[in-house]
Amino acid sequence: MATITNTLIQGLTEQMVQARLNTIDAKPFTFGTHFPVKKVNGFIWRTLGNQLAKRNVAADLHADNGTIARKSRPIFESAKGDIPFISISREMSRSEIKDYQTELAFANSDDATKLVQYWGEDIDFCFNGVQSELEYIAWALASNAGKLAFTTTNNATFANQFDLDYDVDAEIQKKATSTNWATSNSADIIGDLATLVKHAKGNGLNPKFAFINLNELYYICSAEQIIKACASFAANALNIKQTPDLAQVNAMLAKQAWLNGIQFRVIDQTITREFADGTQTSANPFADRRLILAETERLGTTQYDVLQEHNDLILRSERAHTVIKKYGTVEPLTEVTIGQADAVPVFDTAYRNIYVKTDGNAWS
């Protein structure tokens, strides 16, 4: 095992690492909006309880001296588990350290901020790597109806002890459209949405948002029914076809009867994964041909705890759930940067959503 030393970047301090960490732009990651970060104690995640208890059950008429009918208590629907450890690292090799030392000699200064390119980019890389994994888990889990298995195809290390399955009600919550939304001339998107909203309301749910990925938005905007519904009277009279954008589709849906004012929310994200052999793949974590009908844009929370560590040789900085560490090693001679988090997106609304396959095929 390599012997840990102080960082090889001369003049670098924890304050510099913290300043760099604080300035990284996290806006490209959407899990912070739809699964906001929440600190917990004890490294155990938990969903909200009694999510199916929000129906307003009507009272009954009773005679003055009669016995009042007792109503049933709600089913307790909750889930919990261990918070997984997420980590990523990058090394500055011996040859790269030689380049750094050459630049340091020319700089004639121990001010590490002048050579930030030799240490700052690795901090950015590791911070973004942690957020990318949380983004992947959030949308892969949500778009697959609360079920996600970790295998060698979506994780460089085998970690199936953290497989997630919220075991949602298949009969009530997992539905399919009556038409294939990718078939532009026959897709009945408005009709399918009306049927789904009616089904949801019949089960005590009140969906206001429809989450999809960017590919699904293309099918929706290309459907003849949607093009016609978004077109003006003049355009329809003249048979002028123009593909609408998301804002136009949402404006049209807001005016449709029986749709409960439903609005599309599009997840346009790309997560790149590198495997043990160095190969990479990139894809949207939100599964194709899926739709989530939700009552709120806040689908859950990203729950985390922080393990306290103390080592005088390691530079350590925190930003909410993410910890960045930097240190050097003797053999091999390297500068190591680590990003880590004990965190996981928790699907708090799992039992309040309707999950839809938009290709017309039933869930397997």
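Predicted model: local features only at pLDDT ≥ 70, side-chain atom pairs only at ≥ 80, totals over all residues.

Student: How many salt bridges does the count come to?
Tutor: Side chains of opposite charge can pair when their charged atoms come close. Here a Lys or Arg side-chain nitrogen has to lie within 4 Å of a carboxyl oxygen of Asp or Glu. By this rule the count is 12.

Student: Which parts does the salt bridge between Arg 20 and Asp 124 tie together?
Tutor: The closest N and O atoms of Arg 20 and Asp 124 are 2.6 Å apart. The two residues are 104 residues apart in sequence, so the bridge ties together helix 1 (residues 14-23), where Arg 20 lies, and, on the side of Asp 124, helix 4.

Student: Is Asp 122 buried or exposed?
Tutor: Asp 122 forms a salt bridge with Arg 90, with 3.3 Å between the closest N and O atoms. Asp 122 lies in helix 4 and Arg 90 in strand 5 (residues 85-92). Arg 90 is partly exposed at 32% relative accessible area. For Asp 122 the value is 11%, and because the limit is under 20%, Asp 122 is buried.

Student: What is the relative accessibility of Glu 216?
Tutor: Glu 216, in helix 7 (residues 214-222), pairs with Arg 289, in the loop between strand 12 (280-283) and strand 13 (290-294). Their salt bridge has an N to O distance of 3.1 Å. Arg 289 is buried, with a relative accessible area of 15%. Glu 216 also counts as buried, at 0%.

Student: Which residues are linked with Glu 309 in a network of salt bridges?
Tutor: This network holds residues of both charges. Linked with Glu 309 are Arg 316, Glu 318 and Lys 325.

Student: How many disulfides does a search of the whole structure find?
Tutor: A disulfide needs two cysteine sulfur atoms within 2.5 Å. Cys 221 is in none, and the nearest cysteine sulfur, that of Cys 230, is 7.4 Å away. Cys 221 is buried, with a relative accessible area of 5%. The number found in the whole structure is 0.

Student: Where does Glu 171 of the negative patch lie?
Tutor: Glu 171 gathers with Asp 163, Asp 165, Asp 167 and Asp 169 in a patch of negative charge on the surface. Glu 171 is exposed, with a relative accessible area of 67%. Its place in the chain is helix 5 (residues 170-173).

Note on methods
Residues numbered from 1 in each chain as written. Heavy atoms only, no water. Patch = residues over 30% accessible without salt bridge, like charges linked within 9 Å, V, L, I, M, F, W, Y side chains within 5 Å. Areas by Shrake-Rupley, 256 points an atom, 1.4 Å probe, with all protein chains shown as cover. Charge placed at Lys NZ, Arg CZ, Asp CG, Glu CD. Helix = DSSP H or I, 4+ residues; strand = E, 2+ residues; numbered from the N terminus. Buried < 20%, exposed > 50% of the residue type's maximum accessible area, 1.4 Å probe, protein only.
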